[in-house]
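Subject: Structure handover

Hi,

Here is the structure I promised to pass on. Please open it first, then read my notes below.

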Amino acid sequence: MVCAVLSVGAAQMRGDDFPAYDLGTIPAWQDLPSLRGDHPDAQVMSKAEYHRKLQSLDVEHLYNAIATLMTTSKPYWPADGPQDGDVSSYAGLFARLAWHCSGSFRMINDTHAAGGCEGARQRHWPENEWRDNTNLDKARGLLAEVKLQFGDHISWSDLMTFAGTVAIKASGGPANKFCFGRVDDVNGERSIPLGVEGVSQCHGSKFCKSNFECPNSFRWPEQNNTDHARCKIEQPEQRLQASHSVGLIYVYPEGPELKTTSQDYKPYWVHNRSPRLSALEVRDTFKDRMGWTDRETVALIGGGHTLGRTHGNCNLTGSKWAEDPYNNIGPYFEAMPGSLRGPTDGTCGTGREAGRGNNTVSSGFEGPWTRSPSRWTYDFFDALLSEEWVPTKSPYGNDQWHTRDRSSKFSKTMRLTADVSLIADPAYLQIVEEYASDHAKFDSDFADAWFKLVHRSEDHPHQDDLEKDASFCTSFEFTVSQQTLLP
Ligand code: HEM
């Protein structure tokens, strides 16, 4: 009975006007039979069969289909850009999709690998309900149009990682090579060890439990006692979550709030988030849990935050969502109107406007990192060094940073505490300085780190494993005459 009610709701998600939405996101209730073992196959299509189909994939055609989609704003999920004075583009959305899909990869002692985008488990529960993946259902819904066009010739995991890479390249950024061959899983079972959070569609099953709060937690000695605790690396059942909570698989963007007794505390600031402590959390997650070097960490964060923006324009102050923003039932802020699962209940627009465009709330932060978020630039590092960044609040109420000089050319850009941490930590700062003065070096390091990011997974733990297995790569030769499609 519960399933029947939920199935109606899921089918209506985003209504008739998001044509292929349901292809990109499989609700938990649909996965339950295979999670119970009714369908023991681990893959949608066998590896041999998929690798055979790949041989007839027209990579240039696929690249152009994604690049065209990227610059064609759809009314059912308007592309960003114009609100920041740039052209419409889904580049940031597609790059974040690839990052979140791939960034679940964990490697322990160079022997035990888990996560990664191969398997495309982000379409399935539990990953599709992780708080950090908010609004990525829309990215998958948009890409479903390309998936329909190419059918079995492209797996979802290849499509999501390739779309992120095309987003960077077609925006003028660096990408040298991409290899295909990732095989999709039938459900999200292999992501359960990474943590379960957001079980709204999963009632009545033994799989439906929430690991929202990590049992082994701590606060930094200088951290305010009322601020969120952080997760220790050791968790029950060897869970491989990140430094904050399950749903935030990476780093807590606001960073730790200082105690009023801390020597750095400034009573006149609107918040006292500590970039210095945040840097420890960035390193803890990127180095200790994901296996990235400091250089790769700085390149990835700076490159990732060159495209796109944060979303929290809808002012929730005083609403019930402000009181209980992460209501532990997920998916967060992405439900259909009337579902009572997010600000689309009318708090942030109604009817067709609900939760879209200026009413979007993803993370609750607000603004782009650069002056032209639809194209590849070097503003991220340049402004990080040239400006003094001071605490401010987003309209939603999140703690973020803007330039002290409000007439600066970067005054409309923002930084997260985790971004500012890159100039608060001496080792990161050295790399930021190098990248700000040598853009070619930054491009080259970013391209290498991005390749590693999207190619490592549980099934292919080293960056060249996939190429050895499937032998189907592109070096984007066909883009030589069209580096960017943007005007
Ligand atoms: C310390 C690590 C990081 C933190 C705390 C962080 C946090 C965030 C947050 C809060 C957003 C806003 C989401 C929204 O409101 O839509 C965001 C967006 C984004 N992030 Fe990160 N991020 C990190 C690292 C990275 C990395 C390594 C990449 C890529 C390699 C990346 C790529 C992006 C992109 C492209 C967007 C823009 C999304 C859009 O335009 O829709 N991030 N990030």
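What covers the buried residues of helix 10? The cover includes helix 9 (275–289), helix 12 (379–386), helix 13 (417–424), helix 14 (426–437) and helix 15 (439–455). Helices here are DSSP runs (H or I, at least four residues), strands are E runs of at least two, and both are numbered from the N terminus. Buried means under 20% relative accessible area, exposed means over 50%, and partly exposed is in between (1.4 Å probe, protein chains only).

Two notes before you go on. This is a predicted model, where local features need pLDDT of at least 70 and side-chain atom pairs count only at pLDDT 80 or more, while totals for chains, interfaces and linings use all residues. Residues are numbered from 1 along each chain as its sequence is written, and side-chain values use heavy atoms, with hydrogens and water left out.

Back to helix 10. Nine of its eleven residues are buried, so the helix is largely enclosed by the rest of the structure. Among the buried ones are Asp294, Glu296, Leu300 and Ile301.

**The ligand**

Now the polar contacts (pairs of N or O atoms within 3.5 Å). The side chain of Trp99 has an N or O atom 3.2 Å from a nitrogen atom of the ligand. For the side chain of His305, the distance to a ligand nitrogen is 2.9 Å. Arg309 uses a backbone N or O atom, 3.0 Å from an oxygen atom of the ligand.

**The core**

The largest nonpolar core has 90 residues. Such a core is a set of buried Ala, Val, Leu, Ile, Met, Phe, Trp, Tyr and Cys residues joined through side-chain atoms within 4.5 Å. Leu57, Leu62, Ile66, Phe94, Leu142, Phe162 and Phe180 touch the most other members. Helix 8 (residues 156–170) gives the most to this core, with nine residues. Leaving aside neighbours within four places in sequence, Leu57 is in contact (heavy atoms within 4.5 Å) with residues including Leu62, Phe150, Phe180 and Phe472.

Most residues other than glycine have a negative phi, and most peptide bonds are trans.

- Trp125 and Pro126 are joined by a cis peptide bond, with omega about 10 degrees. Pro126 is in the loop between strand 2 (112–114) and helix 7 (136–150).
- Asn135 has a positive phi of about 65 degrees. It sits in the loop between strand 2 and helix 7. Asn135 is buried, at 3% relative accessible area.
- Ser471 has a positive phi of about 50 degrees. Its loop runs between helix 16 (465–470) and strand 10 (473–474). Ser471 is exposed, at 55%.

Best wishes

How values were computed
A polar contact is a pair of N or O atoms within 3.5 Å; within protein, one must be able to donate a hydrogen and the other to accept it, and residues adjacent in sequence count only if both atoms are side-chain atoms.
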